[in-house]
Amino acid sequence: MKTFIVLVVIAIIVGILWTRTGPTPDEAQPTPTSTQAAPPDALTIRIAYGSEKQAWLEAATTQFNARKVQVAGKAIYVQTVAKGSGELVEDVLAGREQAHLISPASAAFITLANAQSRAATGKDLVSKSESVVLSPVVIAMWQPMAEALGWPQTRLGWADILTLAKDPQGWASKGQPQWGRFRFGHTHPEFSNSGLQTLLAEAYAGAGKRTGLTVEDVQQPAVVAFVTGIERAVVHYGSSTGFFAKRMTAGGPGYLSAAVLYENLVIEANTATPKPSFPMVAIYPKEGTFWSDHPTGIVERPWVGANERLACEAYVRFLLERPQQESALRFGFRPAAVDVAVGAPIDSAHGVDAKEPSTTLETPPAEVISAAMTMWRSAKKPAHVALVLDISGSMEEDGKIAAARDGAAEFIGLLADGDRLSLMTFNSTPQWLGQNQLLTAIRTPGQAQMRSLIAGGKTALYDAVSAAVAAMKADPDQDSIKAVIVLSDGADTTSSTSLEQVLTAIDPGPESGGAIRVFTIAYGKDAAGDVLKRISETTQAKAYKGSTGDIRLVFRDIATFF
Amino acid sequence: MPDDTAPKATFLGKVVILLILAGCGFLAWKLLFAKPQPAAPTAPTTSTTPGLPAPRSGAAVRISVAYGTEKDRWMKWAVEEFAKVEPNTQVDLLGKGSLEGAQALLAGEQLNIWAPASSLYSANFTADWQVKFSKAPFARSETLALTPMVFVWWTERFQALKQPPQSFRDVAKLVAEPTGWAGLAGKPEWGFLKFGHAHPNQSNSGLMALVLMTHDYHQARTLGMAQVMDAGFQTWLTTFEKGVAGLSGSTGTQMKEMVLKGPSAFDGLCVYESVAIDYLRNAQGRWGDLHITYPSPNAWSDNPAYLIDAPWSSTEQRAAAGRFIDFLLSPTSQRKALEHGFRPGDPAVPIKEPGSPFIELAKYGLRIDLPQVVETPSGEVISNLLAGWQRAVGR
């Protein structure tokens, strides 16, 4: 009975992690390369893998395919598809993705996938796996900021992050008032491997434990207060650890003081062109951390025959050969082949320490993870989101308005009870449908409003963005994530405000961490994608392209930021 | 303890029970009377292509070998070298735990050689095989190499301990320290002391660890039911196993994880001596030196190789499998086994000569002479020990 209960809990967690996953579910953008055409008569196998190792794996696979290794008289050809770890496992379990090999970011996904597979079929999805690369989860921080906290002489951890996050003086408390408030980032625990590991690490630290975390622990007021205290410093969440790394590198210390990243992303940031404004360093929390160990295994499903199995084994052997492992090291990963020594760039010159982490945290049982997620929903930083939708006449074309209605309504459903929502539509002029209302009050009527939108008129895009941002600036609340989400299917045709005036108005200046972020959706083929991208980039938010086919997934991905 | 709460033998326990006696007896006989092994086949005349050992379409004979992953590096070397002298024979290696290999054979997986970590499982396997095929399973059996159990530690952490552990009872005290490394060595940043051993129901080395900790707790050369059922021992076992950081189905996999993830994953493990030796140099390229100590009492694993007398084996496959076993027993291969940390099954291959890891690596704690070697527990004792362990650990 106990086993059954655990399986049920696992299934619930897997469901949460996977079914809420959007089009860019876990790490970075999904850039599937599975469309590569296999040569005629090739023995083709597919690997679905966590996208954080994309650069290394794609290069290695190109080399492997060039070798034309033979199985049963046919040359092996490997097709690759980069996805978030949760999504790739879900797709293979559902048979939507008939990959022969999978390689998610951490072994937890294999464990969860096998639990679900056993419950459904009595068999594992992957019976054996081995790491192809490794990287620990770290707190990435700008070096001058880490030094202001006493690093490297003083070991830092979650308690230090909490102290800084709660201090209203921010960096001034460390003698650095010019750095403003402490601004922190990590991905959404329900969508991302590193986000979930961050939440568990915070809970462990709050409970003063390194092992044996219980449901009672995560529900303790002191633990909830610990997690809430850190989360208050979060700039926003998101589905992609890689996105955080790129934004932190581009935005500098004014945007994020620190973020939870994989160690290899710290190295990547320090070797980026152009160089970031300061070196970034990896803090290995003194309370312990987790490994991202990239387990790779053959899928136990009927579409994997004996020859495909042999081909998979040959490919994995290739990945673990010295040249490919040395290449992984150059990309900032710790090699999984034990005979390849760890050296540069795993060193202090690149902001990391090969002798860390000193200790790890125990992955808690499924029911504890579930309780932690429940706790997080109340502890997370609340958001005030303004949803700004284009209802100009062109939205009637090709069914755009109908799909946008559904996506917007679903988006409202994904926000937390403690979040606040403002709703605006625009055609020839902007019009508020509601402002600054708690989700508990506006969720149902707001969804009804979205589902009853009708299109007509011109496109006052710039006026709408200006009005929305101005209203958000007028909100005195300084403790929420503030964002505007703009969906538009065409160029501005009638605004009194110019684009330059809009860009000036939304520019957050040097301390961009507290900016009002404007997420944009260029909807349909006639959307002003370049303009919308400029608007989102000015606020260091994210620009999306959407169509009637995927607009709901776009909205779901945006929801991961809150 | 009331009878109705007494541990009962599991299926797996039954699988293991009868064989430990036979295995140890067989091992003792091998140690005392091992015969010289055949010479190596002719010198290599061709070379394999480096890189991918993809299946060779031109191979005339193909054989499958199930082997314990503790012999992984040696076996992979042997297959490559064997291919040089027998290019028309293809050897497919299948890494399997000792019990897993037995189950695969009984399920009809067409293996030609089974090379588990020890002969503990062979008697029970033989009985099951005879029920199925009405004849003995092995056309030939040989001892490839010997190895005892060791504790392997990260040197920095071993040296930081105020009292270096020499036994399972010592280790149990360390993992039970409520403040972890803060209390053990004034190093709170190291967390709790993380010690691991393989799963007793999945791995020969895990079973060995369980037997040795039981002997150690009772300070007895022989074990009976009274010791296994002793309430004090059951309590001690439960407490100890709660502090164990990880259980793996494979000794080699666990050792590899220790090297890859360093002391963040494991401060120490109980593994085969050969496995520890094999990873010593790799560890230096990662996290630093390893230090080896020998739990007292100790026990041998004999690494048998069985040529399977199976209906699916052709005459050509049997002959090829026999030649592969000959190759494994050749002085060349036995010296390679020594390089990988095994004590050769061929007594003609000395281990006290320059180049031997037992000489070269002595500074890491390696030693040739073992402490006390225990006597074999009865099948009933092993069965109840495994059942008690399952109750204690709940997994």
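Me: What makes strand β2 (residues 70–71) of chain A a partner of β3(A)?
Reply: In this predicted model, 2 bridges join β2(A) to β3(A), and the two run antiparallel. Pairing needs at least two bridges, so the two strands pair. Val71(A) stands opposite Lys74(A) in β3(A).

Me: Which residue of the β2(A)–β3(A) hairpin takes a positive phi?
Reply: Ala72(A), with phi near 50°. This hairpin has 2 residues between its strands.

Me: How do you know that strand β1 (residues 43–50) of chain A pairs with β3(A)?
Reply: Count the bridges. There are 8, and the strands run parallel. At least two are required, so β1(A) and β3(A) pair. Ile47(A) faces Thr80(A) across the pairing. The bridge partner of Ala48(A) is Val81(A).

Me: Why is strand β3 (residues 74–83) of chain A called largely enclosed?
Reply: 8 of its 10 residues are buried, so the rest of the structure largely encloses β3(A).

Me: What makes β2 and β5 edge strands in chain A?
Reply: Start with the sheet order: β2-β3-β1-β4-β11-β5 of chain A. The sheet is open, and its pairing is mixed. β2 and β5 (126–131) of chain A each pair on one side only.

Me: Which helix lies across β1, β2, β3, β4 and β11 of chain A?
Reply: Helix α12 (residues 306–319) of chain A. It runs at about 55° to β1(A).

Me: Why is Asn436(A) called partly exposed, and where is it?
Reply: It has 16 other C-beta atoms within 10 Å. Asn436(A) sits in strand β15 (residues 430–438) of chain A. Its phi is positive, near 55°, though it is not a glycine.

Me: Is Gln540(A) buried or exposed?
Reply: Buried. Gln540(A) has 22 other C-beta atoms within 10 Å, and the cut-off is 20 or more, so it qualifies. It lies in the loop between α19 (529–538) and β18 (543–546) of chain A.

Me: What makes the peptide bond from Trp151(A) to Pro152(A) stand out?
Reply: It is cis, with omega near 5°. Pro152(A) is in the loop between α5 (143–148) and α6 (158–166) of chain A. Glu356(A) and Pro357(A) are also joined by a cis bond, with omega about 0°. Pro357(A) is in the loop between β12 (334–335) and α14 (366–379) of chain A.

Me: How do you know whether the radius of gyration of chain A agrees with a compact globule?
Reply: Compare it with the globule rule. For 562 residues the rule gives near 24 Å; chain A has 24 Å, so they agree. The C-alpha trace spans about 65 × 60 × 55 Å along its principal axes. Of the residues of chain A, 57% count as buried.

Me: Which residues have the most contacts inside the largest nonpolar core?
Reply: Ala140(A) and Ile113(B), in a core of 216 residues. Ala140(A) touches residues including Met248(A), Leu261(A) and Met280(A).

Me: Which element of chain B gives the most to the side that touches chain A?
Reply: The contact takes 21 residues from chain B and 27 residues from chain A. α11(B) gives the most to the chain B side, with 4 residues. By class, that side has 11 nonpolar, 6 polar and 4 charged residues.

Note on methods:
Residues numbered from 1 in each chain as written. Chains lettered and ligands numbered in written order. Predicted model: local features only at pLDDT ≥ 70, side-chain atom pairs only at ≥ 80, totals over all residues. Contact = placed C-beta atoms within 7 Å. Nonpolar A, V, L, I, M, F, W, Y, C, P; charged D, E, K, R; others polar. Core = buried A, V, L, I, M, F, W, Y, C linked by C-beta atoms within 7 Å. Buried ≥ 20, exposed ≤ 12 C-beta atoms within 10 Å, placed from the backbone. Rg over C-alpha atoms; globule rule 2.2 N^0.38 Å. Axes fitted to C-alpha atoms, helices over the stretch in contact; angles between N-to-C directions. Lists of a residue's contacts leave out its neighbours within four places in sequence.
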